[in-house]
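Hi,

Here is the structure I said I would pass on to you. Have a look at it first, and then read my notes below.

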Amino acid sequence: MNDSLKALIESLIFVSQEPVTLDRLGTIAEGVPPAEIQAVLEELIRDYEAEGRGIHIIRAGGGWLFSTKPAHDREVRRLLQIERKNRLSSAGLETLAAIAYRQPVTQSEVSAIRGVDSTGALKTLLEKKLIKIVGRKKAPGNPLVYRTSDEFLLYLGLDSLEGLPSEAEIAKILEEEKAVEAEP
Amino acid sequence: MAAEPLSADDAPVPSSADAAEGYQVRLDVFEGPLDLLLFLIRKKKIDIHDIPIAAITRDYLGYLERKTEINLDREAEFVFIAALLIYIKSQMLLPRETDLAEHEDPRRVLIDRLVEYEKVKAACSLLREREDVQILQWKRNFIPPLHGESELEPLELSLFDLAESFFLMMKRREAADTRVIRGRDVPIEVKMKELVTLLQERHVLDFLEYFESHASLEEALVSFFCILELVKSRVAVAVQDELFQTIRVWLRKDPHRTAAHE
């Protein structure tokens, strides 16, 4: 295997603050066929997944990036001197899910899905940059239209919106929940 | 080095074991009226597609009466669904000449909402699992949080923001520049070409900086109209990252449209 290519790809992913796509790697490693880059990349990923490594290469937001492994969260936070990262509130997550599945979507559409006014939750998600305003709907009042952002994909470790739980996965969860409840 | 237990900020839905006597569930453990309805439906092991409206309405209203605090906004949402339940019941009581086809079932509107909400809830539990894993992994794009709440929100740039920036800049010029401005014909077509070429060369243009370099008010005005025209015809984009920051202008990466304007 091409060791210098591997080292090159490693350094490119290392310096990048955003997920690096295969295309991007291809334009920089000129003349190397995409299949070779892919193969070297996969080897690199395997190297990092091995025991005894603190960081690994994850796929999110359409590309690859380095992240620490979950086991070291507490120590990393101690180094950075910050508190635990808060999970989204249930209202926030519910609003985010409604947007993710129904986008592009307006505030009143999200509120209708949840049966609850979602203005506050939308504001919080905007502040967290998990959603973005993409324009206005041509409807009475010209309401703002929202979409999930690239940060959203990174936040949940999704490669693309295609990676959202599918209808089948959701149906499975619902069945499991019903099975649990059916027990005496 | 085991991961610490995750914060349990999710209010757990009470298990059906408590369902006998002295059943105490506060309304605020539910995300909203649909959440409460789903809970009641599941507790009774009812098929969501065949809800006995009278029984569910009775349960539902029972919960509303048990509320411990008054929060008008929340209340309105719960009362709205109560009204919907009662309306559906009244529709079902009306005599009909023929049997209802399924899509005419007065419960349809409620069933559709419940089914959709149920899916969102289920998706949430899957997304929560992802969040729990991701939140423990630190990425290089991480920036330590600033102390204090950030008030900044992504700004939408309107024509007025652009115009205001322009006039602000012209005012600044007025104060600094005392020369007499002589008229010079600057055709829009020429300026437009100039501007597009400049954008292609420089990729990104600083809005204010661009105007600083103009000799006359007239020329600046023409340039300003050119930028408006480029943005309007979706050839260029104008973006302001944050309040009070400069506006940056660049060409859209759509060669077809750009070519049409050259």
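Let's start with a helix: in α3(A), the residues I37(A), V40(A) and L41(A) are buried. They sit on the same side of α3(A) because they cover an arc of only 105° around the axis. Turn to the other side of α3(A) and you find exposed residues: A35(A), E42(A), R46(A) and E49(A). So you know what you're looking at, this is a predicted model.

What covers the buried residues of α3(A)? The cover includes α1 (3-15), α2 (22-28) and β2 (63-68), which belong to chain A. As for its dimensions, α3(A) runs over residues 34-49, 16 residues in total, and reaches 22 Å from first C-alpha to last, close to the 22 Å expected at 1.5 Å a residue.

Now jump to helix α6 of chain A (residues 107-114), where V110(A), I113(A) and R114(A) are buried. Their arc around the axis is only 90°, which puts them on the same side of α6(A). Both chains take part in the packing here: the buried residues of α6(A) pack against α5 (90-102), β3 (105-106) and α7 (119-127) of chain A, and also against α1 (33-43) and α4 (108-134) of chain B. Just after α6(A) comes G115(A), with a positive phi of about 70°.

Last, the sheet. Chain A has an open sheet of 3 strands in the order β3-β5-β4, with antiparallel pairing. Its edge strands are β3 and β4 (131-136), each pairing on one side only. Between β4(A) and β5(A) (residues 144-148) there are 5 bridges, and G135(A) has V145(A) in β5(A) as its bridge partner.

Cheers

Methods:
Residues numbered from 1 in each chain as written. Chains lettered and ligands numbered in written order. Predicted model: local features only at pLDDT ≥ 70, side-chain atom pairs only at ≥ 80, totals over all residues. Helix = DSSP H or I, 4+ residues; strand = E, 2+ residues; numbered from the N terminus. Expected span 1.5 Å × (residues − 1). Buried ≥ 20, exposed ≤ 12 C-beta atoms within 10 Å, placed from the backbone. Arc of directions from axis to C-beta. Contact = placed C-beta atoms within 7 Å. Pairing = 2+ DSSP bridges.
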